[in-house]
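Hi everyone, thanks for making time for this.

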Amino acid sequence: MLLDKGFWGSDSPVGQSLFGGSFGWPLLVARAAAVDRNIATIAAYAERHGLLLAPHGKTTMSPTLFAAQLAAGAWGITVATAQQARVCREFGVPRVLVANQILDPAALAWVAAETDAGLDLYFQVDSPEGVAAAAATTGVRPLPVLVEIGYPGGRTGCRTASSALAVAHAVAASPRLTLAGVTGYEGGLPDTAAVAAFLDQLRAAAAELSELLPPSVVVSAGGSAWFDVVAARLPGDWLPGHQVVPVLRSGAYITHDDGYYREHTPFNRVRGEGMLDAALEVWAQVISTPEPGVAIAGMGKRDAPFDEGLPVPRAVRRPSGEVVPADGLHVTRLMDQHAFLSVDGTGVAPGDLVRFGISHPCTAFDKWRAIPLADDTDLVVDVLRTYF
């Protein structure tokens, strides 16, 4: 613990204040109350709309948070890679959805062995090569797979109905595989109409493949920007002769943010359905005020996400303990371990601490192996470990 970034002076920081000497700067902090509210909000939303929830674990790769999501009723945990699935298995996650094709023989051998040992694991296929790789495994229990549907210019997934049908027939022809359903990812689409059209395409693919599908069919989609459209399109009795199991894979909701997702959350469109709270913050110290109107904070690209927007100053904590709003402070650019701030309002001096909100939690968690989980009085109630 003492060698983890941001941790000083205590092997047991739980119960310590963020500002009591057990921590240094910069420091990524998660707020426990906001995390709890976000988990409860999306769990209730999914239940209200007839969705099962398999939150995307690659957002946090924190087993503590996986356990909290499962305890709130999540159907399983989604991951992006077989390595991430191994972390889930190590920490007792009973059902895992790998939202990608798995082609590596070593990874597939692990999947087959763990499936035989009782792990409920699904993964995607979108090509004859993917089917052939999975079918080459040995084991007792067939491996459940989902045919992935894509769209032109998107990520992975079958681009045509005929290619999806060919992949599904290849799955059905293999005794090592079982076709469990269809899946897709709509997150890169530009607007509600495009997302709705893609989800209708996903439904059409399920109908086209219906003769090959089991009585209970997993139909999965959903990032954190369009889950309202998923809720409107996927649940329901729309596949004759089959029970649809609609699985939502949103992940970034667990901590939300002060940037990209604050602007793109579906709750901006469906007022009254809920709200999410930004639960992540980076505290960094002002280390220089080298010229008028400029301050440098000891935080950079190694500490805070910058791919979907720069950090947002929220408050300033003086050495005296006084906390004031960060009015007029703006991050203009980041270097590896320095943040450039324009100062036009709240003055800052070397030694002040600035609380920054972040944009895009998925690239915040992966920069920190240990993250203090703090209550609203700044006392640490737990330490989140990440496994990227």
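This is a predicted model: local features need pLDDT of at least 70, side-chain atom pairs count only at pLDDT 80 or more; totals for chains, interfaces and linings use all residues.

**A walk through the fold**

Residues are numbered from 1 along each chain as its sequence is written, and side-chain values use heavy atoms, with hydrogens and water left out.

Back to that bridge. Strands β3 (residues 77-79) and β4 (residues 95-101) run parallel and are joined by three bridges. When I say strands pair, I mean that DSSP finds at least two bridges between them; helices (H or I, at least four residues) and strands (E, at least two) are DSSP runs, numbered from the N terminus. Between β3 and β4 the chain passes through helix α3 (residues 82-90), and this β-α-β crossover is right-handed. Right-handed here means that, with the strands pointing away from the viewer, the path from the first strand over the helix to the second runs clockwise.

Now follow Leu-97 across: its bridge partner in β5 is Tyr-122. β4 and β5 (residues 120-125) pair in the parallel sense over five bridges. The chain gets from β4 to β5 through helix α4 (residues 105-116), in a right-handed β-α-β crossover.

So what is the strand order of the open sheet? It has eight strands, in the order β2-β9-β8-β7-β6-β5-β4-β3, with parallel pairing. The edge strands, each pairing on one side only, are β2 (52-53) and β3. Helix α6 (residues 161-172) lies across β5, β6 (143-149) and β7 (177-184), and runs at about 175 degrees to β6. For that angle, axes are lines fitted to C-alpha atoms, for helices over the stretch in contact (heavy atoms within 4.5 Å), and angles run from 0 to 180 degrees between N-to-C directions.

Tyr-122 comes back in the aromatics. The structure holds ten aromatic pairs, and one of them is Trp-75 with Tyr-122, tilted, at 5.7 Å centre to centre and 35 degrees between the planes. Rings of Phe, Tyr and Trp (its six-membered ring) pair if their centres lie within 6.5 Å; planes under 30 degrees apart count as stacked, over 60 as edge-to-face and the rest as tilted. Because Trp-75 lies in the loop between α2 (63-71) and β3 and Tyr-122 in strand β5, the pair ties together parts that are 47 residues apart in sequence.

Next, an antiparallel piece. β14 (residues 329-334) and β15 (residues 339-343) pair in the antiparallel sense over five bridges, and a hairpin of four residues joins β14 to β15. Within it, Val-331 has Leu-341 of β15 as its bridge partner.

Most residues other than glycine have a negative phi, and most peptide bonds are trans. The bond from Trp-25 to Pro-26 is cis, with omega near 5 degrees, and Pro-26 sits in the segment before β1 (27-31). His-360, not a glycine, has a positive phi of about 80 degrees, and lies in the loop between β16 (353-357) and β17 (370-374).
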